[in-house]
Every structure is written in structure tokens, then in C-alpha cells.
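My notes are kept in the order in which I went through them.

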Amino acid sequence: MENDGRRKFLGVCLAGATTVAVAAAAYPVLQYLAPRSGAQGADKLVFATTDIPEGEAKFFEYAGAAAVLVKTKSGNIAALSAVCTHLGCIVQWEKDKQDFICPCHGGLYSAEGAVTGGPPPKPLAKIPVSVAEGKITVG
Amino acid sequence: MALLKRVYDWIDLRIGAREIVKKELTGYLLPRNINEWYSLGSVLMVIFALQVLTGMLLMVYYVPDAEKAFRSVTFVMNELPYGWLIRLCHAVGSNMMVAVLILHMLSTLMMGSYKSPRELNWVSGFTLFALVQGISLTGYLLPWSQLSFWATTVATNSANAIPVVGPYLVEFLRGGKLVGPPTLGRFFAVHVAVLPVVIAAVIGAHLFLLKRTGISTPPFGSLETKKPWRPDSYSYQHHPGGIPFFPNYALQDLTSICVYFAIFLAVVFFLPNMLFTPDAFVPANAFKTPAHIKPEWYFLANYQTLKIFPSELLGLSIQAAAMTFLALLPFIDRSPERHPLKRPVFLACAIGGILLWIGLSVWGHFS
């Protein structure tokens, strides 16, 4: 009985030490592989108003994802996420129709990002945008 | 525990796991006088596994492009969390692998375990030694530092001394007249795709040979009846009355692995720059050869030999002859006696050879 108790105690100690050793080895590996914080690009982006002609869209990277700045023919400016809310493809600007189409499954969005057709469940996410002194500030 | 037993029973019913465990672990008997030197093979397998693991992790961020390689290594070392740890484990581990491999070979030499019927074990082990040196050499270039660039220039240039094919061989190895971006591509492919697979395959062959021949009995304090091997038919060397591999010798393996890790981690944490000269921290410059460029410690004897002999061909030939002699040792030294003290000629040659190798390495280091 005494030997059994000692054996069990040593077994528990060994299992505990092994767990600690595995955790100590796994922690740096997970930290090493984890996506880096702060690698998402600038919080604010500035464009000249002349960068985007009326009726056109400009794609860029914002906060680590694709985004689009659109200036409609009526002069409205909107900054939107360019990631389709259906399955994550990047939407394309249709200049002639003044809307967005997702080439993957035909999702349609208005120039303001509202769903106008197809399978997308939600509108395109809006990004804060302001216009002042000939500059468009996104973010 | 009950759940684990049920899972084990379930597997056992299907593949006969208990039978395998009995045959390969608890019923696998080893000589009673087996010593700790026999555990170096297990240590080497752990080192190889760790090299593969850290190598895979480094490949996540390393860019095998001459323009970006040095920066990607600097990024891993200085900016990634624990990147320094992964890289140092890989760099120190490669040196440790050569060191432990040399110890493993020395113990085999001293205990005469290379002799009949284990000639193929020795030859496969020697092949592994050459392959490990090859994987270390190809990995040395990858950081694309001044040290790696010029050490590779000198190492590949040695092949120039081979008559007729030498210059073509150098160009083939480098992928051009000089070490450059094509060399990096070649060495990277060989280092990460070719040699690890070949080494794993030869380790498999080495273990297969070990299992088929049976483990040798140490020549010291033998408790078994000595039965000389007879070359007329195949026979597995049993060790009746021996100790089981599991748990007895597995514990010795574990102890040796722990001792190895203590030494290995002491170097990683307390002497991280022991293996790096200042040239290792400067990006490669093809127009500026640094002064006193030296190879890794295990190539220092080869380096010094090439410096001593006026003819490069003579220096290379002597090295090739020494390596060939070692590789074919079981076919040259055919006496059945395995105790080192009862083999005075062998012992004198072995000690002389080791001292010569150490002497040349020290000379190479300070020359």
C-alpha cells in the first residue's frame, strides 16, 4: 500500500511536471505564430479629393482589410469595407451602374453599401469619412 | 483512467496493441550491463525532431530571397515574440546534433559495436554523419550574413581541387560562377526539402538494422555468456535474462535527454552568441570579404588541413582518405575482440586520431 501511494504520488508529480514543460514550450510557439498586433496599418488615411473622379471608386487597405472609397455622380462620398458580407470575397465597382457587385455569388450593393440583390445578409460595413480643405480623411 | 483503459482495449482488439507493446517495449530485453552511452541514439532522435520542428517554425517567416533573407532573419530575431528562442534553438541544435553524433560514434568505436555483424549499422550511421554535416553546411548560408556568405564561398570552392570535374562541380553547387542568389535557392531547397527526408529515411534504415541484428552487448563487465557471431546463417542477438527496454532503459533514455536539454538550454539562454562571430550580424556583401573568416567548429580541422598542405588536392585527398577509412572501418578491423583495453593498436590509433582532430581544430581556430 505504501509503495502504491508513493507510485501514485510520483505519477502525479511526473504528470504535473510534464504538463508544465509542455505549456512552457507551447507558450513561446503560440506567441511566435500569433498574428502581430499593430501590423494592421494606419488608423487614418488621407486622400486628395482629386484622387477620385466623380462616379468612380478607389480601393485601398484599411485596418488590415480591403476597403473602398466611392464618389457618386451626385458628389456623395462614402468609405466602405470592400469585403462582401456573404462569404468574404472583394466586391467590384460597376461604374456604369453605380453599384457594387460581388463576383463570387452575384451579391449586389448600392453605392452606399446597402444590399440590393443576391445572397449578402448585411450591408457593407461603413468606415468613418470626412472631407475638409480638399482632403478626404478615412478613419 | 477507466476511460483510457477502455480506449486501449478498443485499439488492442483491432490491432493487437498489447502484443506490440510486449514485443517492442516490455518484452524487448537489453543486456544487463548496458550503459548510458547506448542512449545517445535516442537523444539524437529528439534533437532531429526538434530541428525539424524549429525549422518548420522558422520557415513561417524566413524569405529565401537574397534581397530579403537577412532582413527576415533579423525580423525573427528582434521583432517576433520568442523568435530569438526558436532561431537559437535551431542554430544551437544543429551544432549539438553534430557534437552528440560524434559522441555516439566514439562510443560505438570504443565499445567495438561496429564489428560483425553490425557493419551496416556503422555504414548507415556514418552516412548520417555525412548527411548531418551537409544539412548544417546548407543551413549555414540561409541567414545570408557575411559569415554565411563567405564560409559558403570557401566551402564550395574546395571542390575546385578535384581534377577535371572540379570547376564544373563548384559552378553546379553554386548555380553560377560565384555564390549568389541562385546558391541561396539551391541550398534552401536542399536544406528544407531534400536532406531532412533523406536523413529521416536513413534513420529509419539505421533503426531497422538495429532491430534486425539486435543490440550489442557492451564489452565491459559482461554478465552474459559470450557467444561469438557465426557468419553461416542469420541470427538475432537475444539477451536472455536482460532488462526490459520499458520501463528500465526508457528511464535511462529520458535521463540522458534531460541532461542534454540542460546543456542545450544553458547554451541557448546563457551563451547565445557563442556560435556567432560579429560577421554573422552583417548582411552579405559580395564585394567585401571579411578578415579571418572561419567555418563552424566541426569543419575547423578540415579547414586547417587545407591550409597546411601546399596543394589543395593533396589536402582534400588526405581528408577523403581519412573519411573513407572511417566509413569502411568494420571491413578493415575484423578481429572479434571488442574491449578497448584488449585492442592496444586500435586504442592508440583512436586516441591519436582524436588528439590530431582536436589539435587541428584548435590550430584552425587560432590560426
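**Conventions.** I am working with a predicted model, in which local features need pLDDT of at least 70 and side-chain atom pairs count only at pLDDT 80 or more, while totals for chains, interfaces and linings use all residues. Residues are numbered from 1 along each chain as its sequence is written, chains are lettered from A and ligands numbered from 1 in the order in which they are written, and side-chain values use heavy atoms, with hydrogens and water left out.

**Helix H9 of chain B.** I looked up H9(B), residues 181–213, and found 33 residues reaching 46 Å from the first C-alpha to the last, close to the 48 Å expected at 1.5 Å a residue; the expected span is 1.5 Å times one less than the number of residues. Helices here are DSSP runs of H or I with at least four residues, strands are runs of E with at least two, and both are numbered from the N terminus. I noted a bend of about 40 degrees at B:Val190, the bend being the angle between axes fitted to the seven residues ending there and the seven starting there. Just after H9(B), B:Gly214 has a positive phi of about 95 degrees.

Among the buried residues of H9(B) I listed B:Leu184, B:Phe187, B:His191, B:Pro196 and B:Ile199; buried means under 20% relative accessible area, exposed over 50% and partly exposed in between, with a 1.4 Å probe and protein chains only. The cover over the buried residues of H9(B) includes H3, H4, H5, H6, H7 and H8 of chain B.

**Cores.** I then asked which residues have the most contacts inside the largest nonpolar core. They are B:Trp144, B:Leu184 and B:Ile199, in a core of 61 residues; such a core is a set of buried Ala, Val, Leu, Ile, Met, Phe, Trp, Tyr and Cys residues joined through side-chain atoms within 4.5 Å. H5(B) gives the largest share of this core, 13 residues. Apart from it lies another core of 14 residues, including A:Cys89 and A:Trp93.

**Two loop residues of chain B.** B:Ser145 sits in the loop between H6 and H7 of chain B and is buried at 3% relative accessible area. Leaving aside neighbours within four places in sequence, I found B:Ser145 in contact (heavy atoms within 4.5 Å) with residues including B:Phe70, B:Asp279 and B:Pro283.

B:Met111 lies in the loop between H5 and H6 of chain B and is also buried, at 4%.

**Cysteines.** I counted one disulfide over all chains, a disulfide being a pair of cysteine sulfur atoms within 2.5 Å. A:Cys89 and A:Cys104 form it, with sulfur atoms 1.9 Å apart, and the torsion about the S-S bond is about -95 degrees, so the disulfide is left-handed. A:Cys89 is in the loop between S4 and S5 of chain A and A:Cys104 in the loop between S6 and S7, so the pair ties together parts 15 residues apart in sequence. A:Cys84 is in no disulfide, the nearest cysteine sulfur, that of A:Cys102, being 3.7 Å away.

**Domains.** Chain A is divided into domain 1 (1–34) and domain 2 (45–138), with bounds from an automatic or database domain assignment. Their centres, taken over C-alpha atoms, are 53 Å apart.
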